[in-house]
Amino acid sequence: MSKEVYLESYDKNRKRVGVLVDAYDIQRRRRLNSDYILTFLVPMTSADFRDKLQLKGHVKDERGQFYVINSRQRVRDGRKLTAAVSCSHVMFKLADYKIPYASYVAEAYGVHISTLLNVISAATGGKFTFSVDDTFALHDVKDWGRGNALQALNDVIKMYECEVDPDNFVIHLRKKIGADNGLQYRLGKNVLSTNFKDDAGSLVTRMFAQMKDGRTWIGQSASILVDEERALLSQVPGAIVDGKLAVNYLISPYQSAWSNDINPYFDGEIIEQDIEDPVKLLEAARTALRKNEIPALEVSVSAADLFKLDKTEPRPGLGDVVTLIDPELGADNVSARITEITEYPYTFEKHAQVTVSNVMMRDYTDIIADLEKSKNIVDNIFSGGKIRTDVFEAFAKQAITDITNSKTELIYPADGGILAQEKTNPLEQVRLTSKGLGISTDGWKTVRSAVTARGILAETVVGQFGNFVSLLIGSGNDVTQINTNGIAAGHAVFSSAPFQVDMKGNVIANKLTANYAQIKSSNFTDGAIVGSSINVGSGMFTVDRDGNMYAGNGNFRGNITGSTITGSLIRTAASGRRIELDDNGFRSFDSSNRNRIRINNGSDSGVSAISFYGSDGNMAGEINTYQASGQLTIYGDRVFIGSNNTGNPIIMNGATTFYGAAQFNQGVTGLRLRVDDIAGLDLQLNAIWSAINSKAETNHTHTVTTANHNHGNPQNATSGGGTYTTSIAS
């Protein structure tokens with residue numbers, strides 16, 4: 001690994017901050033379906049520590065994977081100050097998301113793995129997605145989704161027996177991760193040290209099984225077994241009677257290899273309280289026996305990372321299949337998988353440490369997680385001395401079913417009392433004596449429940465403790481409770497609940513929806529009023545849920561008084577003949593909802609226009625002005641100015657140009673003017689005729705008729721028009 005490659009630093013939103021040039025002793029530990037942890041050291045005096053490492057920030061390794069900074073441990077060694085930084089893969093952010101109460105699955109049958117994964121992804125708001133890269137059988141699901149998203153994912157992994165390969169926020173699920181690239185750990189080649197351990201302490205060659213309420217597959221047809229299982233059980237006298245199973249165990253095919261004169265079998269047992277089907281119990285027992293019928297093999301190997309020097313050498317990866325060759329240690333061509341790997345990707349001096357195993361060994365973290373889960377189950381059943389309602393309903397339903405389906409035989413023992421014994425399973429017994437009532441599932445070796453004069457003894461008590469002054473429905477903080485404080489919902493602690501009604505009738509609520517409500521006095525602060533409508537004065541003023549405002553019983557006869565009215569649309573009617581005004585401009589509509597006049601305001605530049613439309617919807621004309629030309633234009637098929645019915649003049653200030661007459665070979669028509677209507681025209685005409693008369697040199701005679709005006713020769717003019725004669729030079 002070249003020195004130019006560094007860890008990269010990112011903030012809490014995964015925006016790049018820089019590179020960690022001073023980070024050293026960088027170590028990454030990954031464990032199959034378990035921890036993904038990155039640790040490193042950095043001087044506290046460096047800019048890396050001061051500016052680039054923040055809690056809940058991120059670092060990215062050379063594989064492109066993001067890790068969340070969870071802790072920074074400061075260490076002083078004399079004058080040397082060092083910070084040890086620990087990070088976990090972003091996949092473990094799933095622990096910060098709670099599965100919604102509405103997504104909880106109490107019981108479902110034949111569920112596809114993607115159904116549960118989609119629920120987890122939805123709980124994260126789509127931040128995490130899943131890729132199912134193999135085909136998994138359908139699985140029955142019970143009591144799933146009570147905790148956070150990471151817990152829900154772990155339950156999916158256990159149910160469907162899959163393995164996780166996370167790629168940042170995309171989590172891949174496969175039956176087995178890793179590959180077989182021919183990697184060998186061979187003494188004399190790449191093995192530096194080896195610690196080889198095989199353990200038969202948990203070896204099982206005969207696996208017993210029980211399901212809910214101690215029931216088994218006894219009495220079922222032997223046809224539910226596979227051929228190998230049936231052949232092995234047939235060798236045991238009394239195991240199969242009349243084609244039916246009489247024992248609740250399976251035998252391993254390796255039993256004869258491990259038996260001795262003291263232990264013909266090495267026994268184990270599974271108890272699956274979530275299983276009610278004998279066939280499914282058989283499948284669970286078969287899987288458990290397969291995992292425990294051979295000794296556990298675990299080899300810790302410190303091997304040289306040859307791939308750092310030779311790119312053709314395979315690089316070890318989590319889940320990969322490897323072959324161990326160390327005959328002197330007893331590992332001769334032993335094949336197993338890498339279940340844990342500790343890597344030093346940024347240095348040549350340190351080499352990967354791998355754990356190779358044929359089973360997934362449980363570490364301290366796994367054991368603590370199981371203990372915590374068991375503790376949470378107990379806490380969830382009992383909360384402050386109150387039994388959860390959903391648990392009670394499940395118990396009550398099953399109790400009715402079991403009692404109804406029981407096949408009971410009454411026996412009167414010689415020592416007194418009455419014994420009720422189950423015919424299909426004689427181990428299940430109920431005894432009634434003068435001292436009390438007892439229930440046993442192991443043939444009276446132990447009593448699981450009893451009622452005596454001293455009280456009630458039971459592994460599980462379903463009901464209500466106390467003096468019946470408390471009621472709790474739900475689980476976690478998704479509860480509704482009734483007690484001496486009042487009524488509350490949304491939190492297990494009454495005072496923290498978002499909805500509260502105390503004993504004096506005071507109400508606290510986050511949200512209120514009411515079809516009809518009367519509020520005698522109110523104080524709304526920093527909030528909103530939400531409802532179907534707001535009515536004032538018997539409907540004189542109404543605002544409905546769509547934001548429509550009505551005044552005067554909805555007929556707009558009322559008055560709205562104020563300095564400013566701001567809104568998206570102002571109109572005089574919802575349809576038909578109306579005027580509308582919004583941020584796009586002004587529009588008028590006729591009774592047929594046709595737009596007749598439009599003033600556009602859709603742009604801050606370019607043309608501004610008033611458009612007119614006919615009853616057929618086509619444009620009839622427009623008055624517009626263009627920003628660049630600085631002119632006002634009126635156009636249409638015909639433009640009329642003025643009226644035939646008025647004598648008021650039309651006045652145009654400034655020069656007037658009849659544009660287009662010559663360009664389009666058009667004239668100006670309908671124009672009627674008198675000579676004296678045009679200022680100065682008389683003087684110009686007189687001057688022209690004077691010039692003509694002064695040059696008269698020909699004998700041609702022309703007759704000019706004038707009407708009420710003196711043109712050319714005032715001596716020959718008449719009041720009613722006349723003629724004059726002049727000579728014009730040819």
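**Inside the model**

Modeller: Keep in mind that this is a predicted model. Let's start with the largest nonpolar core, which has 66 residues; Phe40, Ile120, Tyr160 and Tyr185 touch the most other members.

Biologist: Which helix gives the largest share of this core?
Modeller: That's helix α3, residues 149-160, with 8 residues in the core.

Biologist: And what is Ile120 in contact with, leaving aside its neighbours within four places in sequence?
Modeller: Ile120 is in contact with Leu94, Ile99, Phe130, Trp144, Ala149, Ala152, Leu153 and Val156. There's also another core lying apart from the largest one, made of 23 residues, including Met211, Ile270, Leu282 and Ala285.

Biologist: Back to α3. Why call it largely enclosed?
Modeller: Because 9 of its 12 residues are buried, the rest of the structure largely encloses α3. Here "buried" means under 20% relative accessible area.

Biologist: Which ones in α3 are buried?
Modeller: Ala149, Leu150, Ala152, Leu153, Asp155, Val156, Ile157, Met159 and Tyr160.

Biologist: How far apart are the end C-alpha atoms of α3?
Modeller: They're 16 Å apart. At 1.5 Å a residue, the 12 residues of α3 should span 16 Å, so the two values agree.

Biologist: What's going on at the start of α3?
Modeller: A side-chain oxygen of Asn148 comes within 3.1 Å of the backbone nitrogen of Leu150. Just after the helix, Glu161 has a positive phi of about 55°.

Biologist: OK, new topic. How many helices and strands does the protein have?
Modeller: There are 9 helices and 46 strands.

Biologist: What share of the protein is buried?
Modeller: Buried residues are 30% of the 730 residues. The protein exposes about 46,200 Å², and carbon and sulfur atoms supply 52% of that.

Biologist: Let's do strands. How do β5 and β6 pair?
Modeller: β5 (residues 58-60) and β6 (residues 66-77) are antiparallel, with 3 bridges.

Biologist: Which strand does β6 join through 10 bridges?
Modeller: That would be β7, residues 80-89, and the two run antiparallel. Val75 stands opposite Thr82 in β7. β6 and β7 form a hairpin too, with 2 residues between them. In that turn, Gly78 has a positive phi of about 70°.

Biologist: Further along, what's the order of the open sheet of 5 strands?
Modeller: The order is β32-β33-β34-β35-β36, with antiparallel pairing. The edge strands are β32 (471-475) and β36 (507-508), and each of them pairs on one side only.

Biologist: How many bridges hold β32 and β33 as a pair?
Modeller: There are 5 bridges between β32 and β33 (residues 478-483), in the antiparallel sense. Ser475 has Asp478 in β33 as its bridge partner.

Biologist: Last one. Where is Ile597 found?
Modeller: Ile597 sits in strand β43, residues 595-600. Its relative accessibility is 30%, so Ile597 counts as partly exposed.

Biologist: What is Ile597 in contact with, if we leave aside neighbours within four places in sequence?
Modeller: Phe586, Arg587, Ser588, Ile610, Ser611 and Phe612. As for Ala620, it is 23 residues from Ile597 along the chain, and their C-alpha atoms are separated by 9.8 Å.

Note on methods
Residues numbered from 1 in each chain as written. Predicted model: local features only at pLDDT ≥ 70, side-chain atom pairs only at ≥ 80, totals over all residues. Heavy atoms only, no water. Core = buried A, V, L, I, M, F, W, Y, C linked by side-chain atoms within 4.5 Å. Buried < 20%, exposed > 50% of the residue type's maximum accessible area, 1.4 Å probe, protein only. Helix = DSSP H or I, 4+ residues; strand = E, 2+ residues; numbered from the N terminus. Contact = heavy atoms within 4.5 Å. Expected span 1.5 Å × (residues − 1). Polar contact = N/O pair within 3.5 Å; in protein donor to acceptor, adjacent residues only side chain to side chain. Areas by Shrake-Rupley, 256 points an atom, 1.4 Å probe, with all protein chains shown as cover. Pairing = 2+ DSSP bridges.
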